Amino acid sequence: MSDTPFQLRSSRVGDAVVLAIVGEIDMATAPEVERAIDRGHDGTRRVVIDLTEVTFLDSSALNALVHSQRNLAEHDVAFRIVSPSDHAVRNVFEITHLTGPLSVVDSLDDALAD
Amino acid sequence: MSYLRRHRAEISGEPGPVDVLERDSRVLRRWIVAAGCAAVFLLAGISIVLAWQQYDDAKKQARNDLRARVVAVAALVDTSFTGQIQTLTSMAGAPSVVQRQLPRMEGYFRRVSRPGAPPFTGGIGWIDRTGMVRATNLPGSPIGSLSSREYFRRVVATHKPYVSAGLIGKKVRQPVIVVAVPTFGPGGDFTGALAGSILLKTVAQSRLALGYGNLQLVDRNGQLLLGGLAHVTNTVLLGRIRGKGAGVVSGRGLEGSGDHVVAFAAAGVPGWVTAIDRSRSSVYASARHALLLELVSVLAAVLLVVAILVFVTRRARREAELYNERARAWSSLGRALASASTPAQVADALLASLSGSFPNAVAIVAIETHGRLQVRAASRMVRARRITESARILELAAPLGLEGPRTVSLEHQPELRDLYTKTGRGMRAVHGLPIGGSDGKPAGTIALLSTAAHLESHDWAVVRSFADQAARALERAWRFVQEHELAVRLQRSLLPERLPSGDGIELAGHYLAGGDAVEVGGDWYDAVRRPDGTVHLCVGDVSGKGIGAATVMSRQRHTFEVYAHDLASPAEIIRRMLRHADGEEMITFAVVTLDPYAGELRYSCVGHPPPLLLDRDSGEVTRLDGASAPPVGVAMPIDIVEATLPLSDRVALLMYTDGLIERRGRNIEDAIALLGRVLQSEPVLTPDAILARIADTIGSPDDDVALLLLSLDREQVSFDVELPADPTALRDMRSRLRAWLAHCRIDSDEAAGVVLAVSEACNNSIEHAYRDNGGGPVKVTSAPAEHGLLRILVEDHGSWRDDAPSADRGRGIGLMEHLMHSTDIQTGLHGTRVTLERRLRIEPSLEPEHARAIP
């Protein structure tokens with residue numbers, strides 16, 4: 001599980017850009033995530049970061065996500081994070097009290113709803 | 001080494017001449033003994049014949065002696081009776097007898113011969129022509145007529161004196177002899193007989209007075225006068241001896257019994273035969289005694305001569321044996337010295353030869369070693385141990401030889417004498433001479449503490465020849481020792497001084513110089529612990545010996561160390577090492593890599609015997625032979641392969657060079673199997689124990705051996721990883737930490753939190769500590785939790801400069817603080833240390849650990 005290489009998959013679902021991330025997001029990979037979000041939000045109303053297959057997430061990742069969210073907010077692009085509540089990664093958002101501010105939801109359906 | 005071998009070949013000859021010599025002298029000795037014995041028995045035979053002749057002479061002598069005695073007795077008897085006849089004849093001429101005046105005659109008789117007095121103890125009487133006793137000196141009633149008596153009738157018939165046979169006296173009523181003479185009247189007419197009777201009792205008494213035992217007197221009628229007038233039983237014998245003058249006969253005695261010797265002689269006057277009748281044994285007793293004495297003395301002489309002969313030949317044999325022993329000692333000394341490679345072995349060989357050659361001495365050999373005499377002793381003497389084990393005696397005696405060759409009497413060595421009298425007697429002198437030293441200082445000394453007061457010149461020659469041999473051998477041995485010590489020092493300098501060991505990982509390397517060990521070898525072992533906690537082990541062998549092989553070995557070992565630090569894969573390390581081999585030498589080696597956190601073993605071999613992996617819990621031994629390539633010099637980089645195995649909790653790994661298992665004429669496969677069994681059965685695994693067991697079973701190694709033994713107990717393994725200040729290294733660190741925590745049986749959710757906290761601490765180090773100077777290492781260490789408390793340290797050597805946005809910073813630290821029960825960040829001049837502590841939810845591995853503690 002921990003050996004899964006880091007991957008980024010970007011897709012469009014309606015007017016939303018879904019960025020699915022696989023593997024670990026840490027100091028080495030967080031900048032990539034941030035760059036990918038910056039690149040991919042043009043002409044869209046919503047960016048969904050799917051962390052379902054992320055096995056590790058540290059403060060660098062949180063920082064990157066927080067920066068991206070602020071950046072998107074300036075462009076009026078909605079930001080959602082998918083992290084199932086039964087995954088260890090979700091815990092990181094809970095601990096840092098970022099579940100609300102970063103709009104962390106349980107599933108992709110939730111993220112794409114409303 | 002080659003020098004020694006050559007020398008050995010020269011010396012190993014057979015001691016043929018000694019055997020021949022021994023055989024010859026044995027034959028000669030046998031002849032001498034046979035000749036001596038023959039001479040002795042011949043002389044003894046002659047002596048016995050002579051003794052026998054003397055015995056015969058002595059017997060004749062005894063018979064003659066007997067005859068002479070009996071002849072003397074006969075003469076005595078004749079003389080005695082002649083005297084008595086004369087006495088009676090003169091009495092017959094007395095007037096009273098001539099004139100037949102009876103009362104006067106009786107008075108005369110009583111006057112001349114009182115009754116009972118000798119010679120006529122039985123009385124005297126005159127018998128007239130009619131036979132009537134007319135006058136007598138005996139009192140009492142008249143005797144009456146004696147006309148019927150033989151003696152009366154003979155006197156009447158012959159008018160001559162007559163001695164009667166034994167008869168019973170009419171008046172005295174006991175055996176008597178009667179001597180009768182005729183009496184004549186004044187006109188010369190025959191008037192009667194004058195008779196005197198002699199009691200035989202008195203004769204018997206006189207016989208006793210004469211001292212003749214066994215004397216017999218036989219009268220005319222064959223009556224034994226001294227035997228109560230009994231008749232001689234053996235009439236045949238009597239017939240033979242009667243009427244002869246004198247003689248000796250053997251056979252039955254007069255009484256007809258026994259084996260007797262009878263000497264006889266005739267006494268003419270009374271007509272008797274006098275005889276001495278004795279048993280043969282009593283006659284020849286003295287002759288027999290003389291013979292016995294003679295024989296005893298001959299026997300004694302024979303025994304004496306034989307004893308002397310035996311003594312002399314024994315001594316000759318001992319001398320011959322000593323000679324042979326010395327000859328043997330000489331040749332065996334040569335052989336022993338040729339194979340002796342240390343001064344101590346030279347001394348032992350010398351001692352063995354000396355103690356054999358001088359059985360009456362304690363042999364002491366002292367070798368000059370670093371300015372001191374190293375003394376040892378040996379002896380074949382009984383009870384010599386008290387001497388050979390007395391250090392003081394040896395210390396005193398040994399130096400006496402330094403100024404030799406000389407003999408020092410113990411009289412002049414009071415201290416030594418006092419010591420030896422406490423420990424053993426009989427020693428009289430010390431004979432000693434130096435070993436070598438003709439061109440300077442002696443290399444040692446020989447001293448013989450001996451029962452002999454002095455040594456013969458040939459003894460000295462033996463000692464000197466031993467000393468000369470030993471001197472040459474000692475010179476060789478010292479040279480050998482120097483070469484050996486140099487080689488060992490050099491070899492040690494080429495091998496790693498220390499091997500990385502830590503909690504749960506123990507490494508032991510061993511190098512054993514094979515053969516004579518005077519040259520460095522090309523075997524090596526090495527181990528490198530990488531910053532990520534993995535350990536690379538390597539054992540290799542450069543073919544050949546000497547400086548060339550050692551140089552190549554040293555280069556290979558250092559090349560390995562360099563690549564092992566940088567590379568994780570054993571195959572990759574080997575591929576890089578191949579580039580540095582110039583292809584001249586044949587090199588084999590094996591590289592094994594252990595990841596104690598991930599529990600993984602990887603290995604690769606080039607032409608090397610397979611390392612053996614022992615699972616200590618199951619006892620199973622695995623040969624690591626799944627990734628083999630040809631040796632260096634043959635193998636191409638593409639040939640190099642790698643194999644991976646999961647690592648059990650408790651394992652031992654043995655890597656070795658072929659010197660351990662290769663023996664001439666032995667199957668390598670069997671030897672590897674044996675090695676596996678040794679690993680399984682040896683309770684405490686050490687290189688020494690393994691070497692000893694192997695040497696016990698298949699003999700000591702002929703060649704050099706390098707051994708590397710690893711013991712791993714993953715329960716005890718601490719986490720110790722150093723990562724570069726590079727964000728991309730974090731992932732690997734987390735992976736290892738996860739594996740380690742999992743092996744420590746920490747719940748995966750909890751472990752995830754710990755991993756995140758550690759990762760955050762590392763982030764800080766990488767992001768802040770090395771922002772300017774880049775690339776310095778970050779060290780993450782932790783020991784297995786004790787009492788449920790897990791403590792992890794993250795250290796760096798950078799300087800903390802907190803200039804990141806506070807919110808971002810805060811998240812990292814907030815995570816750490818939230819995930820751990822204690823987060824302590826110490827920043828100093830030399831770096832930062834973050835100490836993370838967490839009380840684990842469940843006492844980790846309590847039960848499993850206890851369960852595993854029981855094998």
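Predicted model: local features only at pLDDT ≥ 70, side-chain atom pairs only at ≥ 80, totals over all residues.
Residues are numbered from 1 along each chain as its sequence is written, chains are lettered from A and ligands numbered from 1 in the order in which they are written, and side-chain values use heavy atoms, with hydrogens and water left out.

Let us start with chain A. It has 4 helices and 5 strands; here helices (H or I, at least four residues) and strands (E, at least two) are DSSP runs, numbered from the N terminus. Read from the N terminus on, the elements of chain A follow the order β-β-α-β-α-β-α-β-α. Chain A has 114 residues, and 52% of them count as buried. Buried means under 20% relative accessible area, exposed means over 50%, and partly exposed is in between (1.4 Å probe, protein chains only).

Now turn to chain B and look at how some of its helices pack. Helix 14 of chain B covers residues 457-494, and helix 15 of chain B covers residues 546-566. Their axes come within 10 Å and cross at roughly 20°. Axes are lines fitted to C-alpha atoms, for helices over the stretch in contact, and angles run from 0 to 180 degrees between N-to-C directions. Helix 14 and helix 15 of chain B are therefore roughly parallel to each other. For such angles, under 35 degrees counts as roughly parallel, over 145 as roughly antiparallel, 65 to 115 as roughly perpendicular and the rest as oblique. The crossing of helix 14 and helix 15 of chain B is right-handed; a crossing has this hand if the near helix is turned clockwise from the far one by less than a right angle, and is left-handed if anticlockwise.

Helix 14 of chain B also packs with helix 10 of chain B (residues 343-357), at an angle of about 165° and with the axes 8 Å apart. Helix 10 and helix 14 of chain B are therefore roughly antiparallel to each other. This crossing, too, is right-handed.

Next come the charged contacts. The structure holds 37 salt bridges over all chains, a salt bridge being a side-chain nitrogen of Lys or Arg within 4 Å of a carboxyl oxygen of Asp or Glu. One of them joins B:Arg736 and B:Asp732, whose closest N and O atoms are 3.1 Å apart. Both residues lie in helix 19 (residues 730-743) of chain B, 4 residues apart, which is about one turn of the helix. B:Arg736 counts as buried at 10% relative accessibility, whereas B:Asp732 is partly exposed at 36%. These two belong to a network of salt bridges that links B:Arg530, B:Asp532, B:Asp595, B:Asp732 and B:Arg736.

Another salt bridge joins B:Arg602 to B:Glu600, at 3.7 Å from N to O. B:Arg602 is partly exposed at 21% relative accessibility, and B:Glu600 is partly exposed at 31%. In a further pair, B:Arg406 meets B:Glu403, with 4.0 Å between the closest N and O atoms. Here B:Arg406 is partly exposed, at 29%, while B:Glu403 is exposed, at 61%.

Some arginines in loops deserve a stop as well. B:Arg173 sits in the loop between strand 4 (167-168) and strand 5 (175-184) of chain B. Its phi is near 60°, a positive value in a residue other than glycine, and B:Arg173 is exposed, with a relative accessible area of 62%. B:Arg745, in the loop between helix 19 and helix 20 (748-769) of chain B, also has a positive phi, near 60°. B:Arg745 is partly exposed, at 35%. B:Arg616 lies in the loop between strand 23 (612-615) and strand 24 (621-623) of chain B. Although B:Arg616 and B:Ala652 are 36 residues apart in sequence, their C-alpha atoms are 6.9 Å apart in space.

The walk ends on the surface. B:Leu42, found in helix 2 (residues 16-92) of chain B, is exposed, with a relative accessible area of 58%. Together with B:Leu43, B:Ile46 and B:Leu50, B:Leu42 forms a nonpolar surface patch with about 410 Å² of accessible area. Patches are made of residues with over 30% relative accessible area and no salt bridge, where like charges are joined within 9 Å and nonpolar side chains (Val, Leu, Ile, Met, Phe, Trp, Tyr) within 5 Å. Accessible areas come from the Shrake-Rupley method with a 1.4 Å probe, and for residues only the protein chains shown count as cover.
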